[in-house]
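This report walks through selected parts of one model. Have the sequence and the coordinates open while reading.

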Amino acid sequence: MDMNKVYIRNVEFTDEINIVFRYVNHELNVDRDFNFCRKKDEPVFKLLVRIRNNVEKEIDKCLNKTSKRRSSSEKKTRALPQIQIEMYRDGCNSSYNQMTLAELLQNNFSGVKLRVIDQIFSIVLNQPWVDFLQLPKCILAGFLIYPNKFHIQFAVREHCYGMWLKSRQREAITANWEKCGEGLTYQVAQKDVGYYIKFAVTPRNKEGISGPIAEEISKCVVQAVPDVFPFQIRQQHTVKLLSEPSHIRVVTYNILADLYADSEYSRQTLFPYCSPQSLLIDYRKQLLIKELIGYNTDLICLQEVDQKIFDVDLKNVLEMPPHNFYGMMAPKGICTEGVSVFFRRSRFDLLGSHVLHLGKSIPSLSIFEPLWNKIKTNKQLAARICNRSTTLQICLLKVKETDKYVLVANTHLYFHPDADHIRLLQIGFALTYIEHIHKQSMMEHNITNPQNIGLIFCGDFNSVPECGIYKLMTEQFVDKNLNDWCSNIDEAVFDVELAQPFKMFSACGTPKIALNYYNVYLCQRKNN
């Protein structure tokens, strides 16, 4: 922070302003940032009184500390210096004391000064500012690091300048910081193991005006990791981006929302086989992002995405060069997690997107009426399916430099073990809605050849190949005698058959490992 400036920030949409300055007086052993949050209708003189009181308390505290450190023979009684606090303009006798802070904000600040004892500060308004800065609790060698939280005001993220430094020691007295990188992200190297990491960022706006530097030091040193992770073996098959326009590489994952992993219940009951470190989101997200990037994919569909992970991590990494994805998030109702789709902008243009909160839409959408009328008489069943927060995300993409389109659907079905019938109904309603969007898209974009629009349906279906969901997807029909309809006897579904028009197949087949994982990925056949 510039020690010759007072930073005033006019907080938008509130009745408050923030005033920050740093006062240093080596003779009095004072070195402190003073931060005030005041109402805009407060007179300037009240602010000056508050500044005087706080400065006086700090000086008194520092003098007492100095006195205690001296021997009895050295101790001297020192009176507080005269504390003069005033706001004035060079060459002008007018006083600002009776103005309100709001009126002060409306004036030209050129030449306005604040005197604090022996120090003169220039006043600047709405300078680029870092409100809050935080680094991850876990930093891994070979992985990408960036701020967990980077809140700025009057600045533009892309114009901010970041510098990364490292030191074996963390304390200011012993630390010897050496520069190791630039930018808002840093690829941690193996040689950084055992070092603390410091991030120093200068906030800037698009006009090139800079604010005071903000710094944050990691709480932990860089950790070593295994030479090879399992996903890096898989990435040997995806070293390069696809070059054939008719081919699309897709990755889909349930990434386990932090709100389901960060609790004693999850650590002791759901995932007792995982170390607490392995469940930390600051640890998991580094592996996740490295894995997603390394597949050189065109399309990413994710489930159980925390809103904060989408905003701070996925978007800030995947949407930036060199990856250049575009991401969309669909929260599950009022829940802080949901589903998200990322597509590579060099491959696709986005023509439209839709989000359907399935539960509350089932009784209200006319296209659902035929199926809804068959199940709504079972009050327990109707209440259970309509109270689910299941969300369906759909986007229509056009493959660049072709006349081909792809409809991408992404969802996360109900998890409960006794709910095969609920999941089957959910997928039935979802496919009905997808069929509706499919027809609508063909009309709106004048797609006359059905072969030119495909469907990719990703999700955590909480199902296995033996269940009705897989049968409906791949065979286009399930009859009323399916065992799934009776997975809960009190909610049993009678005389219901489901059909859907899309000829699909499982993109990964049905390998044995699929019996242990619930992610099933389906894609429309191109030859049908």
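The model is a predicted one. Every value below is computed from it.

**The six-stranded sheet**

Six strands form an open sheet in the order β3-β2-β1-β6-β5-β4. The pairing is mixed. At the edges lie β3 and β4 (85-89), each of which pairs on one side only. From one strand to the next, the twist averages 25 degrees.

Strand β2 spans residues 16-25, and strand β3 spans residues 30-39. They run antiparallel and share 10 bridges. V24 has D31 in β3 as its bridge partner. Four residues sit between the strands of this hairpin. N29 takes a positive phi there, near 65 degrees.

Strand β5 (residues 112-116) and strand β6 (residues 119-125) are also antiparallel, joined by four bridges. As background, strands of a sheet pair through backbone hydrogen bonds, either parallel or antiparallel.

**The four-stranded sheet**

A further open sheet has four strands, in the order β15-β16-β18-β17. Its pairing is mixed. The edge positions belong to β15 (250-254) and β17 (325-331), and each pairs on one side only. Neighbouring strands are turned by 15 degrees against each other on average, with direction ignored.

β15 runs parallel to strand β16 (residues 299-306), and five bridges join them. N254 has Q303 of β16 as its bridge partner.

Helix α8 (residues 307-318) lies across β16, β17 and β18 (337-344). The angle between α8 and β16 is about 150 degrees.

**C301 in strand β16**

Is C301, in strand β16, buried or exposed? C301 counts as buried because its relative accessibility is 0%. Which residues surround it, leaving aside neighbours within four places in sequence? C301 is in contact with V251, T252, Y253, S340, V341, V408, N410 and C458.

**Two helix pairs**

Helix α8 also packs against helix α7 (residues 281-294). A second pair is formed by helix α11 (residues 379-386) and helix α12 (residues 420-444). The table sets out their geometry.

| Helix pair | Packing angle | Axis separation |
|---|---|---|
| α7 and α8 | about 30 degrees | 11 Å |
| α11 and α12 | about 65 degrees | 11 Å |

The crossing of α7 and α8 is right-handed. From α7, the contact takes I281, K285, L288, I289, L292 and I293. From α8, it takes I309, D313, L314, V317 and L318. By class, these residues are nine nonpolar, no polar and two charged. An α-helix has 3.6 residues a turn, so residues three or four places apart point the same way.

α11 and α12 likewise make a right-handed crossing. L381, R384 and I385 of α11 meet H421, I422, L425, Q426 and F429 of α12. This contact has five nonpolar, two polar and one charged residues.

Which residues of α11 are buried? They are L381, A382, R384, I385 and C386. The buried residues of α11 pack against α9 (358-361), α10 (369-375) and α12.

**N205 in a loop**

N205 sits in the loop between β13 (196-202) and β14 (214-217). N205 counts as buried because its relative accessibility is 13%, and the cut-off for buried is under 20%.

What does the side chain of N205 reach? The side chain meets the backbone nitrogen of E207 at 3.0 Å. It also meets the backbone nitrogen of I209, at 2.9 Å. Leaving aside neighbours within four places in sequence, N205 is in contact with P128, F154, A155, V156 and H159.

**In brief**

N205 is a buried loop residue whose side chain reaches the backbone nitrogens of E207 and I209. C301 is a buried strand residue, in contact with V251, T252 and Y253, among others. Helix α8 lies across β16, β17 and β18 and packs with α7.

Notes. Residues numbered from 1 in each chain as written. Predicted model: local features only at pLDDT ≥ 70, side-chain atom pairs only at ≥ 80, totals over all residues. Heavy atoms only, no water. Pairing = 2+ DSSP bridges. Axes fitted to C-alpha atoms, helices over the stretch in contact; angles between N-to-C directions. Contact = heavy atoms within 4.5 Å. Left-handed = near helix turned anticlockwise from the far one by under 90°. Nonpolar A, V, L, I, M, F, W, Y, C, P; charged D, E, K, R; others polar. Buried < 20%, exposed > 50% of the residue type's maximum accessible area, 1.4 Å probe, protein only. Polar contact = N/O pair within 3.5 Å; in protein donor to acceptor, adjacent residues only side chain to side chain.
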